[in-house]
Amino acid sequence: MNLIESLNWRYATKKYSDRKVSADDLNKIIAATNLSASSAGLQPYRLFIVENQELRNKLGEGSFNGQIADSSHLLVFAAFEKITEEHIETYINHIASERGLPVEALADFKAALVNGILNRTDEVNFTWAARQAYIGLGTALIAAADLQIDSTPMEGFDADKFDELLNLKEKGLKSVVTLALGYRDEEQDMYAKFKKVRLAKDDFASVIS
Ligand SMILES: Cc1cc2nc3c(=O)[nH]c(=O)nc-3n(C[C@H](O)[C@H](O)[C@H](O)COP(=O)(O)O)c2cc1C
């Protein structure tokens, strides 16, 4: 399938079969997500891949999304609650080491990051970090579709419970969105046969020439 065919093929899966996503495919989805663009390249979020069935049962308790427990894997996107000088310093040191540059060569970039990010409230920075996490969600969703792996993006989960069970608070993180991965149960999932509904191209996009 080409990309548009894969994106037409995918849908927010409601019922999964027992088939598991292979470690190889999972690693491809993780690698693709890690390659997502992010504002200034700071990647202010982290990805957790929950495989453990018992844990997923607990995470899914009380949610209308059975896919939390019934899919093959659950990806949890968690954004940093605060952006600190340490985040920026670690990032600058990482660029310097990856690109073989002296840290001093990045002084202006670092100052711009400190000025632009650390002068904002933690609330503004968390919202910004969460937006970057959603870009990662989009990449993961497309990567899964490209591999013909089904997925469900989900905001219907108890973030406080997730943060507690996944020990996110102590890492300075807060869960913002999740993505179930697996293979559709074509028989049990009526959504598998529904026609995809999207705006007509001209209602969605306007070319300004
Ligand atoms: C951010 C986000 C949150 C969503 N939350 C849920 C959810 O909690 N449960 C669910 O079954 N689908 C959820 N969806 C799936 C949407 O309902 C679905 O993408 C939309 O209806 C379009 O259908 P399609 O993805 O099957 O083409 C979510 C989608 C997005 C992008």
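User: Let's start with Q148. Is Q148 exposed or buried, and why?

Analyst: Exposure here comes from counting neighbours around a residue. Q148 has 12 C-beta neighbours inside 10 Å, and because 12 or fewer counts as exposed, Q148 falls in the exposed class. Please keep in mind that this is a predicted model.

User: Where does Q148 sit, and what is its phi?

Analyst: Q148 belongs to the loop between α7 and β3. Its phi is positive, about 60°, although Q148 is not a glycine.

User: What about N167: where is it, and what is its phi?

Analyst: N167 lies in the loop between α8 (159-165) and β4. It is not a glycine, yet its phi is positive, at about 55°. N167 counts as exposed because it has 10 other C-beta atoms within 10 Å.

User: Now E81. In which loop is it, and how exposed is it?

Analyst: You'll find E81 in the loop between β2 and α5 (85-99). It has 18 other C-beta atoms within 10 Å, so E81 is classed as partly exposed. For that class the count has to fall between 12 and 20.

User: Which residues is E81 in contact with, leaving aside its neighbours within four places in sequence?

Analyst: With those neighbours set aside, E81 is in contact with D122, F126, G172, L173 and K174. For a sense of distance, take L35, which is 46 residues from E81 along the chain: the two C-alpha atoms are separated by 22 Å.

User: How many bridges join β2 to β4, and which residues are partners?

Analyst: Strand β2 (residues 73-80) and strand β4 (residues 173-182) run antiparallel and are joined by eight bridges. To trace this by eye, go to V76, whose bridge partner in β4 is T178. Then go to F80, whose bridge partner in β4 is L173.

User: And how many bridges are there on the β3 side of β4?

Analyst: There, five bridges join β3 to β4, and the two strands run antiparallel. T152 stands opposite A180 in β4, while D150 stands opposite G182 in β4.

User: How covered are β3 and β4?

Analyst: Both are mostly covered. In β4, 10 of its 10 residues are buried. In β3, four of its five residues are buried.

User: Which residues surround the ligand?

Analyst: The ligand is surrounded by Y11, A12, K14, N65, T152, P153, M154, E155, G156, V177 and K196. Strand β3 (residues 150-154) gives the most to this shell, with three residues. By class, the shell has five nonpolar, three polar and three charged residues.

User: How should I read the packing of two helices?

Analyst: Two packed helices are described by the angle between their axes and the distance between the axes.

Here, helix α2 (residues 23-34) packs with helix α7 (residues 122-146) at an angle of about 145°, and their axes are 8 Å apart. The crossing of α2 and α7 is right-handed. On the α2 side the contact is made by K28, I29, A32 and T33, and on the α7 side by G136, T139, A140, A143 and A144. The residues of this contact divide into five nonpolar, three polar and one charged.

User: Finally, how many helices and strands does the protein chain have, and what share of its residues is buried?

Analyst: The protein chain has nine helices and four strands, running α-α-β-α-α-β-α-α-α-β-α-β-α from the N terminus on. Of its 209 residues, 30% are buried. Taken along the principal axes, the C-alpha atoms fill a box of roughly 60 × 50 × 30 Å. Among contacts with a separation of 6 or more, 81% are between residues 24 or more positions apart.

How values were computed. Residues numbered from 1 in each chain as written. Predicted model: local features only at pLDDT ≥ 70, side-chain atom pairs only at ≥ 80, totals over all residues. Axes fitted to C-alpha atoms, helices over the stretch in contact; angles between N-to-C directions. Left-handed = near helix turned anticlockwise from the far one by under 90°. Contact = placed C-beta atoms within 7 Å. Nonpolar A, V, L, I, M, F, W, Y, C, P; charged D, E, K, R; others polar. Near = placed C-beta within 6 Å. Pairing = 2+ DSSP bridges.
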